[in-house]
Amino acid sequence: MAWSVLVEESISYGQNVRWGMGLIRGEYPEREQARAAALELTGSFTPTHPWAERERTVYRISENSYLVNLVGATTEFHFRVNVAERL
């Protein structure tokens, strides 16, 4: 068993914007290690959008999931950080 940290965010290609995997980080032998890495990423991950971050608010959805809301210069975006077991 291995644990990973997954980041889901808005990804853009030209005019098209879609929801997708922004980052998959590591394989952690213990879930607690992955949870600590996920919590750290809620404050350090630099998403594609917005380009000029003004405010960051982190919400714990569950023990394994966070939602991060970002306020930029002209709009808001969010991303999710999840701990997942690789099967």
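Predicted model: local features only at pLDDT ≥ 70, side-chain atom pairs only at ≥ 80, totals over all residues.
A salt bridge here is a side-chain nitrogen of Lys or Arg within 4 Å of a carboxyl oxygen of Asp or Glu.

Start by selecting Glu 63 and Arg 35. They form a salt bridge, with the closest N and O atoms 3.1 Å apart. This pair links distant parts of the chain: Glu 63 sits in the loop between strand 3 and strand 4, Arg 35 in helix 1, 28 residues apart. Colour by accessibility and you will find Glu 63 exposed at 54% relative accessible area, while Arg 35 is buried at 15%.

Glu 32 is exposed, with a relative accessible area of 52%. Show the three side chains together: Glu 32, Arg 35 and Glu 63 are linked in a network of salt bridges.

Next, move to the strands. Strand 3 (residues 55-62) and strand 4 run antiparallel, joined by 7 bridges, and they form a hairpin with 2 residues between them. For a landmark across the pairing, pick Thr 57, which stands opposite Asn 69 in strand 4.

Finish on Ser 65, in strand 4 (residues 65-71). Is Ser 65 buried or exposed? Ser 65 counts as buried because its relative accessible area is 12%, under the 20% cut-off. Leaving aside neighbours within four places in sequence, show its contacts: Tyr 59, Arg 60, Val 81 and Asn 82.

Key
Residues numbered from 1 in each chain as written. Heavy atoms only, no water. Helix = DSSP H or I, 4+ residues; strand = E, 2+ residues; numbered from the N terminus. Buried < 20%, exposed > 50% of the residue type's maximum accessible area, 1.4 Å probe, protein only. Contact = heavy atoms within 4.5 Å. Pairing = 2+ DSSP bridges.
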